[in-house]
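Hi,

Here is the structure I said I would pass on.

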Amino acid sequence: MGLPEVHDEKPGVPVSLERVGVTGVKMPIGFVYFEDKPVLVVPSFSAYINLPATKKGIHASRNYEIITEVLEEFAGKTYKLENVCSEIAKELLKRHEYANRSEVKAVGEAIIEKLTPKTEMVTYEPCTIIASAKARKNSGGDIKTKKMVGVGVRGITACPCAQEMLKETFNENLSLPENLKKVFEEFPWATHMQRTYGLIVTEVPEGFKIDASKLVWIVEKSMSAPSYGLLKRSDEVEIVRKAIENPRFVEDCVRFMMKYFAESFPELPDHIVVRFKQRSAETIHKHDFVAERKTTLGEIRRELGLRR
C-alpha cells in the first residue's frame, strides 16, 4: 500500500493560485556564453507553476528534479542561461499535467576579466546575470515560451548639478575676466560621486540571440565612469577624470541606456519589452536616487526618431 497523495486532495479553500514552487535553488557552477567565452556562474533558480482550485498542493520535489535534470543536459557545454530557463519552464508543464502556466528565473554572478584603464593590469569584475522564461500550455497541449535576459552592473555617477553650482560660485567670487573664464571652462571641476547600479532586462524573441556582454557595455557606457576592483594610482586618476568630465544624473543614465540599446540592436523587433533601471547610493544624502522605465523597443525608436 502506497503513501497517500495529500497534494491531490481538495483544498479547504477551493481557490486557484497564480504561482507555487521553489525558490533559492543553487546549482553547481556552469558555463554561460559571454563575449564569445565561457564564463563561470553559480545560478540560483526559482521555478513556479499555477495551481488549480481542485489541488491542495504541487509535487514540489519535481521542480527541484527538473532543474537538476535540465542542467545535466547542458553539462560541459557553454549555454545561454535564458535557454536553460526556457527548457525548465517547458518541462514543468509536462510533469505537472494540471498546470498550464510556468515561470522560471535564474540569477547568478559572473566574473569577467578586464583591463584597468591606464596601467592595463588584469582585474576580475563581477556583474549580475539575470534570465527568466515564462511558458503557457494551450488546450491542445502545445507549449510556448517567452524568454528574458538581463545584467546588473556597478559603476560611478558624478553629480552635474553640484559641479555647475561650484563653477558658477567660483566665477562670481573671483570676478574673472572673459578670457580667464574660457580657460576655467576646461578645468576639472569637483563634484560629489556615487556608487551606482545599472540594470537592463530585455525580452529575447524566438530566433534571436542577445550577448550579455553587449548589455554590460551599454550599462557602463551610460554611467559617468565604470568602477574596478583593482586600481593603481594612475588608474584612479583616470577614473576620476572621466567621471567629472562626464557628469550624469540617474535620469541621464537611463536615457542613455535606452539610446544605446536601440542603436546596438537594430535587428530586434519593435514589440519586445525592455526594462531599464539606475540606482545611485548618494554620498551627501541619506537616501538613494532611482530612475527607471519599462517600455517596448518600438516606443524607444519612435521617441528618438530612429528608423529600423
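This is a predicted model: local features need pLDDT of at least 70, side-chain atom pairs count only at pLDDT 80 or more; totals for chains, interfaces and linings use all residues.

W217, F256 and Y260 come together as one aromatic cluster. The structure holds four aromatic pairs. W217 and Y260 make up one of them, a tilted pair with 6.1 Å from centre to centre and 55° between the planes. That pair links distant parts of the chain, since W217 sits in helix 5 and Y260 in helix 7, 43 residues apart.

Now for helix 7 itself. Which of its residues are buried? They are V250, C253, V254, M257, M258, Y260, F261, A262 and S264. As a reminder on reading such a list, residues three or four places apart on an α-helix point the same way, because there are 3.6 residues a turn. The cover over the buried residues of helix 7 includes strand 8, strand 9, helix 5, strand 11, strand 12 and helix 8. I also looked at the length of helix 7: its 15 residues (250-264) should span 21 Å at 1.5 Å a residue, and the C-alpha atoms at its ends are 21 Å apart, so the two agree.

V274, F276, Q278 and S280 form the covered face, whereas V273, R275, K277, R279 and A281 form the uncovered one. On the pairing side, strand 11 runs antiparallel to strand 9 over eight bridges, with T196 and S280 as bridge partners. Strand 11 is also antiparallel to strand 12, through nine bridges; there, R279 has V290 as its partner. Strands 11 and 12 form a hairpin, with six residues between them.

Strand 4 (residues 44-51) is worth a look as well. It is mostly covered, with eight of its eight residues buried. Strand 4 pairs in the antiparallel sense with strand 1 (residues 17-26) over six bridges, and V25 has F45 of strand 4 as its bridge partner. Strand 4 also pairs with strand 6 (residues 101-115), again antiparallel and over six bridges. In that pairing, S46 stands opposite K105 in strand 6.

What about disulfides, how many are there? A search of the whole structure turns up zero. Two cysteines I looked up are C85, which counts as buried because its relative accessibility is 0%, and C159, which counts as buried at 11%.

The chain has eight helices and 12 strands, and 43% of its 308 residues count as buried. Taking contacts between residues at least 6 apart in sequence, 70% join residues at least 24 apart. The accessible surface comes to about 17300 Å², and 53% of that belongs to carbon and sulfur atoms.

Cheers

Key. Residues are numbered from 1 along each chain as its sequence is written. Side-chain values use heavy atoms; hydrogens and water are left out. Buried means under 20% relative accessible area, exposed over 50%, partly exposed in between (1.4 Å probe, protein chains only). Helices (H or I, at least four residues) and strands (E, at least two) are DSSP runs, numbered from the N terminus. Two strands pair if DSSP finds at least two bridges between them. The expected span of a helix is 1.5 Å times one less than its number of residues. Contact means heavy atoms within 4.5 Å. Accessible areas come from the Shrake-Rupley method with a 1.4 Å probe; for residues, only the protein chains shown count as cover. A disulfide is a pair of cysteine sulfur atoms within 2.5 Å. Rings of Phe, Tyr and Trp (its six-membered ring) pair if their centres lie within 6.5 Å; planes under 30 degrees apart count as stacked, over 60 as edge-to-face and the rest as tilted.
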